[in-house]
Amino acid sequence: MRATCEKGGASLSLPPIEVVIVKTTEDVAIKMSDQGGGIPQRNMPQLFEYMFSTAPSPVDAGTSVNVVPMAGYGYGLPLSRLYARYFHGDLQVYSIHGFGTDAVIYLKTLSESASEFLPGMVLFQNRQD
């Protein structure tokens with residue numbers, strides 16, 4: 001969405017952001033598509049790395065009018081995928097540089113298959129020094 005607004009600039013007519021939601025017996029898929037210019041292929045491997053962002057740094061942006069306040073920290077996509085995977089889903093991003101990006105979130109609909117994925121139990125021993 002940020003890229004669509006930045007690409008549109010001061011124009012009052014922005015390209016649409018399309019959202020498609022599909023529910024099956026096993027999962028829900030939410031697909032968001034924009035025409036914000038896409039992501040260069042050289043950036044795709046880093047997309048889910050923490051602190052990687054293509055947005056202007058919030059610190060460097062200062063008081064710029066076109067900067068979104070919470071963009072640029074590099075935590076949005078990695079945390080979103082982490083939460084989706086925590087509940088046995090996923091987040092995938094497909095992009096055509098020069099055109100736009102599709103992001104698809106998959107989430108389980110059955111409660112027994114969407115249980116929390118907890119790490120194994122760790123036992124701590126009481127140490128007396």
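Colleague: Which charged end sits over the ring of Phe48?

Modeller: This is a predicted model. In it, the charged end of Arg81 sits over the ring of Phe48, at 4.0 Å from the ring centre. A charge placed over a ring must have its atom within 6 Å of the ring centre and within 35 degrees of the ring normal.

Colleague: How many aromatic pairs does the structure hold?

Modeller: There are 2 aromatic pairs. Tyr50 and Tyr75 form a tilted pair, with 5.8 Å from centre to centre and 50 degrees between the planes.

Colleague: Why is the pair of Tyr50 and Tyr75 called tilted?

Modeller: Ring centres must lie within 6.5 Å to pair, and planes under 30 degrees apart count as stacked, those over 60 as edge-to-face and the rest as tilted. The centres of Tyr50 and Tyr75 are 5.8 Å apart and their planes stand at 50 degrees, hence the label tilted.

Colleague: Which parts does this pair tie together?

Modeller: Tyr50 belongs to the loop between β2 and α2, and Tyr75 to the loop between α2 and α3, so the pair ties together parts that are 25 residues apart in sequence.

Colleague: What makes the pair of Tyr86 and Phe87 edge-to-face?

Modeller: The ring centres of Tyr86 and Phe87 are 4.9 Å apart and the planes stand at 90 degrees, so the pair is edge-to-face; the cut-off for that label is over 60 degrees.

Colleague: Why do Tyr86 and Phe87 count as partly exposed?

Modeller: Buried means under 20% relative accessible area and exposed means over 50%, with partly exposed in between. Tyr86 has 28% and is therefore partly exposed, and Phe87, at 35%, also counts as partly exposed. The label applies likewise to Tyr50 at 44% and to Tyr75 at 38%.

Colleague: How do you know that β1 and β2 pair, and in which sense?

Modeller: Strands pair if there are at least two bridges between them. Strand β1 (residues 18-23) and strand β2 (residues 27-34) share 6 bridges in the antiparallel sense, and therefore they pair. Glu18 has Ser33 as its bridge partner in β2, while Val20 stands opposite Lys31.

Colleague: What makes β2 and β4 a pair?

Modeller: β2 and strand β4 (residues 100-108) are joined in the antiparallel sense over 8 bridges. Asp27 has its bridge partner in β4 at Lys108.

Terms used:
Residues are numbered from 1 along each chain as its sequence is written. This is a predicted model: local features need pLDDT of at least 70, side-chain atom pairs count only at pLDDT 80 or more; totals for chains, interfaces and linings use all residues. Side-chain values use heavy atoms; hydrogens and water are left out. Helices (H or I, at least four residues) and strands (E, at least two) are DSSP runs, numbered from the N terminus. Rings of Phe, Tyr and Trp (its six-membered ring) pair if their centres lie within 6.5 Å; planes under 30 degrees apart count as stacked, over 60 as edge-to-face and the rest as tilted. Buried means under 20% relative accessible area, exposed over 50%, partly exposed in between (1.4 Å probe, protein chains only).
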